[in-house]
Amino acid sequence: MEGSIDIGLVVTIGGIIFSVAGAAAVAQSQIKNIVEMLHDLEARYRTFDQRLDKGHTQIETQAQKLGVLAKMMDPSNEAARHREMSNIITRIDRAENDISKLITMHNGKHPKIE
């Protein structure tokens, strides 16, 4: 019986086919789970990336503000501001002196005009 197929061979081939089909179903289920996990990880990655971008932007903003404050407090700017303040104070003192002189020049009496 060389060319004949016996029942044991058919059962063995059937078992192999069912095993392969079962393994394919398990593999398909696992691939589906892996794809879902990948989508979840991608969503988490995007969330972390957005948070990182927001933090980076805040750091850059603070660095820019610090740079502005550093320029404002620069010694050369401070010296210029102090000179300007001194000039303003001097001008106010002169104006006050001039006003005092004008007040003392006026005797408080107005002659009658006829």
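Is Arg44 buried, partly exposed or exposed, and what is its relative accessibility? Select Arg44 and take a look: its relative accessibility is 48%, so it counts as partly exposed. Keep in mind as you click around that this is a predicted model.

**First stop: Arg44 and Asp40**

Now show the cartoon for residues 7-72, which is helix α1. Arg44 and Asp40 sit four residues apart in helix α1, so about one helical turn separates them. Asp40 has a relative accessibility of 37%, so this residue is partly exposed too.

**Second stop: Arg46 and Glu42**

Stay in helix α1 and pick Arg46 together with Glu42. Their side chains meet in a salt bridge, with 2.9 Å from N to O. How far apart are Arg46 and Glu42 in helix α1? Four residues, which means about one helical turn. Glu42 is partly exposed, at 36% relative accessible area.

Now jump to helix α2, residues 75-105. Select Arg81 and Glu78, whose side chains meet in a salt bridge at 3.2 Å, N to O. Arg81 and Glu78 are three residues apart, about one turn of helix α2. Color them by accessibility if your viewer can do that. Arg81 comes out at 38%, so it is partly exposed, and Glu78 at 22% is partly exposed as well.

**Before you close the viewer**

How values were computed: Residues numbered from 1 in each chain as written. Predicted model: local features only at pLDDT ≥ 70, side-chain atom pairs only at ≥ 80, totals over all residues. Heavy atoms only, no water. Helix = DSSP H or I, 4+ residues; strand = E, 2+ residues; numbered from the N terminus. Buried < 20%, exposed > 50% of the residue type's maximum accessible area, 1.4 Å probe, protein only. Salt bridge = Lys/Arg side-chain N within 4 Å of Asp/Glu carboxyl O.
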